[in-house]
Amino acid sequence: MYTKESLDQVRDADITTIISKYANLKRAGSFEECKSPFNPDEKSPSFKVSPAKNNFVCYSTHKKGDGIKFIMEIEHCTFYEAIQKIADICGIV
């Protein structure tokens with residue numbers, strides 16, 4: 001089972017590190033952006049990541065949230081599976 005401290009570490013994990021495993025982010029001012037990883041037919045970038053707020057928003061699919069929500073959406077997995085995937089990506093024990 002997970003402790004509150006380990007869950008907090010996962011929630012605070014750098015979202016750009018997490019999303020970079022699934023998408024090719026490029027710096028755009030204070031944001032990172034790319035074509036939507038949820039919409040393979042997209043022609044121009046509509047997926048924005050805010051490192052300062054540690055969240056994402058996809059304007060083509062209207063999905064948004066933190067790193068946990070991103071993993072749950074992209075991997076079609078449960079909350080606890082997403083926690084484990086982020087821990088693996090970020091080296092959190």
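Q: Which residue does Glu32 form a salt bridge with?
A: In this predicted model, Glu32 forms a salt bridge with Arg27, and the closest N and O atoms are 3.5 Å apart.

Q: Are those two buried or exposed, Glu32 and Arg27?
A: Glu32 has a relative accessibility of 13% and therefore counts as buried, since the cut-off for that class is under 20%. Arg27 is exposed, with a relative accessible area of 54%.

Q: How many salt bridges does the structure hold?
A: The structure holds six salt bridges.

Q: What does Lys63 pair with in a salt bridge?
A: Lys63 forms a salt bridge with Glu73, with the closest N and O atoms 3.2 Å apart. This pair links distant parts of the chain, as Lys63 lies in strand 5 (residues 63–65) and Glu73 in helix 3 (residues 67–75), 10 residues apart. Lys63 is partly exposed, at a relative accessible area of 25%.

Q: Which residues are linked with Lys63 in a network of salt bridges?
A: Lys69 and Glu73 are linked with Lys63 in such a network.

Q: And Glu75, which residue is its salt bridge partner?
A: Glu75 forms a salt bridge with Lys85, the closest N and O atoms being 3.9 Å apart. Here too, distant parts of the chain are linked: Glu75 is in helix 3 and Lys85 in helix 4 (residues 79–90), 10 residues apart. Glu75 is partly exposed, with a relative accessible area of 31%, and Lys85 counts as partly exposed at 30% relative accessibility.

Q: Staying with helix 3 and helix 4, at what angle do the axes cross?
A: The axes of helix 3 and helix 4 cross at roughly 110° and come within 9 Å. The two helices are therefore roughly perpendicular to each other.

Q: Which residues make that contact between helix 3 and helix 4?
A: Helix 3 contributes Gly67, Ile68, Ile71, Met72 and Glu75, while helix 4 contributes Phe79, Ala82, Ile83, Lys85, Ile86 and Ile89. Of the residues in this contact, eight are nonpolar, one is polar and two are charged. Glu75 and Lys85, the salt bridge partners, are both among the contact residues.

Q: Changing topic, how does strand 3 pair with strand 4?
A: Strand 3 (residues 47–50) pairs with strand 4 in the antiparallel sense, over four bridges. Phe47 has Cys58 of strand 4 as its bridge partner. The two strands form a hairpin with four residues between them, and Asn54 in the turn has a positive phi of about 55°.

Q: What about strand 4 and strand 5, how many bridges join them?
A: Strand 4 and strand 5 run antiparallel and are joined by three bridges. Cys58 has Lys63 of strand 5 as its bridge partner. This hairpin also has four residues between its strands, with His62 in the turn at a positive phi of about 65°.

Q: Which residues of strand 4 are on the covered face, and which on the uncovered one?
A: In strand 4 (residues 55–58), Phe56 and Cys58 form the covered face, whereas Asn55 and Val57 form the uncovered one. In a regular strand, side chains alternate between the two faces of the sheet.

Q: Last one: where is Ser46 found?
A: Ser46 is in the loop between strand 2 (31–34) and strand 3. Ser46 is buried, at a relative accessible area of 12%.

Q: What is Ser46 in contact with, leaving aside neighbours within four places in sequence?
A: With those neighbours set aside, Ser46 is in contact with Cys34, Lys35, Ser36, Val57, Cys58, Tyr59 and Ser60.

Definitions and conventions: Residues are numbered from 1 along each chain as its sequence is written. This is a predicted model: local features need pLDDT of at least 70, side-chain atom pairs count only at pLDDT 80 or more; totals for chains, interfaces and linings use all residues. Side-chain values use heavy atoms; hydrogens and water are left out. A salt bridge is a side-chain nitrogen of Lys or Arg within 4 Å of a carboxyl oxygen of Asp or Glu. Buried means under 20% relative accessible area, exposed over 50%, partly exposed in between (1.4 Å probe, protein chains only). Two strands pair if DSSP finds at least two bridges between them. Axes are lines fitted to C-alpha atoms, for helices over the stretch in contact, and angles run from 0 to 180 degrees between N-to-C directions. Angles under 35 degrees count as roughly parallel, over 145 as roughly antiparallel, 65 to 115 as roughly perpendicular and the rest as oblique. Contact means heavy atoms within 4.5 Å. Ala, Val, Leu, Ile, Met, Phe, Trp, Tyr, Cys and Pro count as nonpolar, Asp, Glu, Lys and Arg as charged, and the others, Gly among them, as polar.
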